[in-house]
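Hello,

Here is the structure we talked about handing over. My notes on what was found follow below it.

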Amino acid sequence: MDWADFGVDLHLELDASGGRRAGLERALRAAIRDGRLPPSARLPATRTLATELGLSRGTVSAAYDQLVAEGWLVARVGAGTEVSPLRRAAPAPVAPPPGPAPFRYDLRPGSPDVGLFPVTAWLRATRRALAVAPAEAYGYGDPRGRPELRTALAGYLGRARGVLADPERIVVTTGYVQALVLLTTVLRDAGTPAVAMEDPGLPFHREVVRRHGGTVLPLPVDERGARTDLLGTGRLARVGAAVVTPAHQFPIGVTLHPARRHALADWARATGGLVVEDDYDGEFRYDRQPVGAVQGTAPEQVAYVGTAAKTLGPALRLAWLVLPARLVDPVVDAKRHLDLHTETIGQLALADLIGTHGYDRQIRTVRRRYRQRRDLLLDRLGRWPGLDGISAGLHATVDLPADGPTEAEVLAAAGARGLALGGLGPHRHHPAGQPGGLVVGYAHPPSHAYPAAVDLLARVLGADGRS
């Protein structure tokens, strides 16, 4: 219609999908938003607009009323309906996040092969679990997690990882990071915020602790694992907790020596300190049976953290804490005030998967696949003198010779050929002056790309006789 009599010239395109009234509302909102109907512009009377658009007067009146209620229009007694004088600017455009680096192959650590997620088994477990779930399972839940999953985890962790796990001491969390946040929060509130963390270790986890009130102190790592014999001495004299990866240290890959395991438990008993055992990939050991958890020898001193991120996939956001008795209530309270509870449907499905032994089958399947990948890495880099952490886990560490290219140079050379690798330097608390190295994840590339990725790694290193 021609709006010239009302101070504006406007053409409305009505999209009647969803109803005529909704179409008129959308058209008027769009005209106001993009400035075709400026602030304070007077709109035609409902009878006039209805006649021009071929709508009922009631439809136009209802559309006006809705836009008045939303603040787009203002209705004045005796003065008709006007566009709100408040200018509605379009939201400022937001730059998209940077895209992934243009690598052909990615051997950076940290991710499993998500293509191995057991889709069919998970769907079956979800159907079975939902078929028998009580109605209250769909409401707000217990901060500790669903009892079905806590019970299933207690049995599984006891037989598979040697963890002494009572269901009442288990708290299901939204991933490992949330478990670390909860423990850091409790330590901070108890006045013991100093946390010893392995050096080298994952820098992101150090930042998580710092951002939630913890003070991070480096705990050196050598060929026997974390230097737990140093706890209680020097700068580590007053730490309230020690975060360690005993089964497969990240990123060096060593297993914590028995003497160091004893020293860790002895320190915690003597000082009341807390051991945070990060068992991120403890199920993946290739040359002998998996090493049992430290928690099994000192359940009142160790907060054990496990996760489904590597065995199933990070998308599930499911992890679990097995806590000393004294920490159950404060951790549950912290969880309640953080996000109330972890989502329920995934918990029910995982409980079913564990109870029907589908979880065990999945672990056997992916362990076999990852061992094959580990073996291929060993075959391609067989001439390389420094390859560590190969007995377990999803990554290996490649030492670089002191008289050869630096870590940065090797990473740049690999990147120039389309290969993404992890460097050891960023994992160190203070990297200056430390020897360089590579952290190679062999789980992430899809199966069809993995052999070519490892061949390219060998060429970059000159381990195949070429450079």
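Arg76 counts as partly exposed, at 41% relative accessibility. This is a predicted model. The side chain of Arg76 meets that of Glu82 in a salt bridge, 3.5 Å from N to O. Glu82 is buried, its relative accessible area being 18%.

The structure holds 31 salt bridges. Another of them joins the side chains of Glu168 and Arg144, at 2.4 Å from N to O. Glu168 lies in the loop between α5 (147-161) and β4 (170-173), and Arg144 in the loop between α4 (119-132) and α5, so the pair ties together parts 24 residues apart in sequence. Glu168 is partly exposed, with a relative accessible area of 44%.

Arg374 forms a salt bridge with Asp287, with the closest N and O atoms 3.3 Å apart. This pair links distant parts of the chain, 87 residues apart: Arg374 is in helix α11 and Asp287 in the loop between β9 and β10. Arg374 counts as buried, at 4% relative accessibility.

Glu283 lies in the loop between β9 (274-278) and β10 (302-307). Glu283 is buried but has no salt bridge; Arg161, the nearest side chain of opposite charge, is 5.1 Å away. Beyond its neighbours within four places in sequence, Glu283 has contacts that include Tyr359, Ile363 and Arg367.

On the helices: the axes of α10 (residues 344-355) and α11 (residues 358-380) come within 4 Å and cross at roughly 80 degrees. That makes α10 roughly perpendicular to α11. Leu350, Leu353 and Ile354 in α10 meet Gly358, Tyr359 and Asp360 in α11. The residues of this contact divide into four nonpolar, one polar and one charged.

Regards

Key
Residues are numbered from 1 along each chain as its sequence is written. This is a predicted model: local features need pLDDT of at least 70, side-chain atom pairs count only at pLDDT 80 or more; totals for chains, interfaces and linings use all residues. Side-chain values use heavy atoms; hydrogens and water are left out. Axes are lines fitted to C-alpha atoms, for helices over the stretch in contact, and angles run from 0 to 180 degrees between N-to-C directions. Helices (H or I, at least four residues) and strands (E, at least two) are DSSP runs, numbered from the N terminus. Angles under 35 degrees count as roughly parallel, over 145 as roughly antiparallel, 65 to 115 as roughly perpendicular and the rest as oblique. Contact means heavy atoms within 4.5 Å. Ala, Val, Leu, Ile, Met, Phe, Trp, Tyr, Cys and Pro count as nonpolar, Asp, Glu, Lys and Arg as charged, and the others, Gly among them, as polar. Buried means under 20% relative accessible area, exposed over 50%, partly exposed in between (1.4 Å probe, protein chains only). Lys and Arg count as positive and Asp and Glu as negative; His and the chain ends are not counted. A salt bridge is a side-chain nitrogen of Lys or Arg within 4 Å of a carboxyl oxygen of Asp or Glu.
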